[in-house]
Amino acid sequence: MAASDVEIRAAEDELRRGFQTLEVVQKDPAVPVYHIYLNRAAQRNALTVPFFSELPRALSLLSVLPSARALVLAARGPHFCSGIDLEALRSLTPSPSPSPSPSPAAAADLLRGRILSLQAAISSLERFRKPVVAAIQGACVGGGVDLAAACDIRYCSDDAFFVVKEVDLALAADLGSLQRLPHIIGYGNAVDLALTCRRVSASEAKAIGLVSRVFPSPSALEEGVDQLAKGLAEKSSVAVMGTKAVLLKSRDQKVDEGLDYVATWNSAMLMSPDLEEAVAAHIQKRKPNFSKL
């Protein structure tokens, strides 16, 4: 059902008020395409706690607008996303408290709920009814790969590189990479990237199907993505939205099950001291000393 004029004006007003971690713009009022920019360039667009509430909110508002027929997810600065902010990662784990400690089961249930909330924020890109194109330059690491994998089409510049980083931080990636990458690049390539945490160049990303096109510069990337999004916006919205919905439904129907499983897994594993040690070692630029199992 189409939104009313009142709902449209309210959504436009809230978008104009802006966000802490995002910039939402329509470059040309005559072109029904919006851009969401990750907007913490000085921090390499690391994902903070506010981001995980602002992204789904921005998408919810854009879903109301008839002028948003296609969406570009991009980033300000030289890097797309350096992953989840370390303080945000620390906030997931139970903190010491003078009050009586909750039972391990209660603590795990609380942690599982937090993970599911972060997953839902990333999945909001995939669930946005209109097509979403990721424009990736520079670093795309950890949570950045989760974001890119949740988009419908991925383009990058030739300076882009990709790292599924979570194993090096002593946890299993739990925001969607392990569920979506096997469908995008194949199971073998997904295992390789997830276990080795190695750096994948733009050319290799194109070869394995992680991105569809590579451009010679960020400016050429911007031009190419804008042209693609404009072309998508000119097509029948009913046909485009229907095609996206059917593709996602037909893909496997197991992504949600996988996300639920890893949330349960990490609700226990993140209680381990290995996460705190990995974060501390990263900050102190030393080799981590993990638990012996």
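Select Cys-140 and Phe-162: Cys-140 stands opposite Phe-162, a residue of S7. Now show the strands around this pair. S5 and strand S7 (residues 161–163) run parallel and are joined by three bridges. Strands here are DSSP runs of E with at least two residues, helices are runs of H or I with at least four residues, and both are numbered from the N terminus. Two strands count as paired if DSSP finds at least two bridges between them.

A word on the model before moving on. This is a predicted model, in which local features need pLDDT of at least 70 and side-chain atom pairs count only at pLDDT 80 or more, while totals for chains, interfaces and linings use all residues. Residues are numbered from 1 along each chain as its sequence is written, and side-chain values use heavy atoms, with hydrogens and water left out.

Next, colour by domain. The domain assignment, which is automatic or from a database, gives domain 1 (5–234) and domain 2 (237–284). Their centres, taken over C-alpha atoms, are separated by 12 Å. Contact (heavy atoms within 4.5 Å) takes in 37 residues from domain 1 and 27 residues from domain 2.

Between them, the two domains bury about 2800 Å², with 65% of it on carbon and sulfur atoms. Buried area is the accessible area (1.4 Å probe) that two parts lose on being put together, summed over both.

Pick Glu-126 and Arg-251. They form a salt bridge, and their closest N and O atoms are 3.0 Å apart. The term requires a side-chain nitrogen of Lys or Arg within 4 Å of a carboxyl oxygen of Asp or Glu. Three salt bridges are counted between domain 1 and domain 2.

Which helices each supply at least two residues of the side of domain 1 that touches domain 2? Select helix H3 (86–92), helix H4 (104–127) and helix H6 (177–185). H4 gives the most, with 11 residues.

Last stop: Glu-14 and Arg-57. This salt bridge has its closest N and O atoms 2.8 Å apart. Glu-14 lies in helix H1 (residues 5–17) and Arg-57 in helix H2 (residues 51–62), so the pair links distant parts of the chain, 43 residues apart. To finish, show every salt bridge: the structure holds 13.
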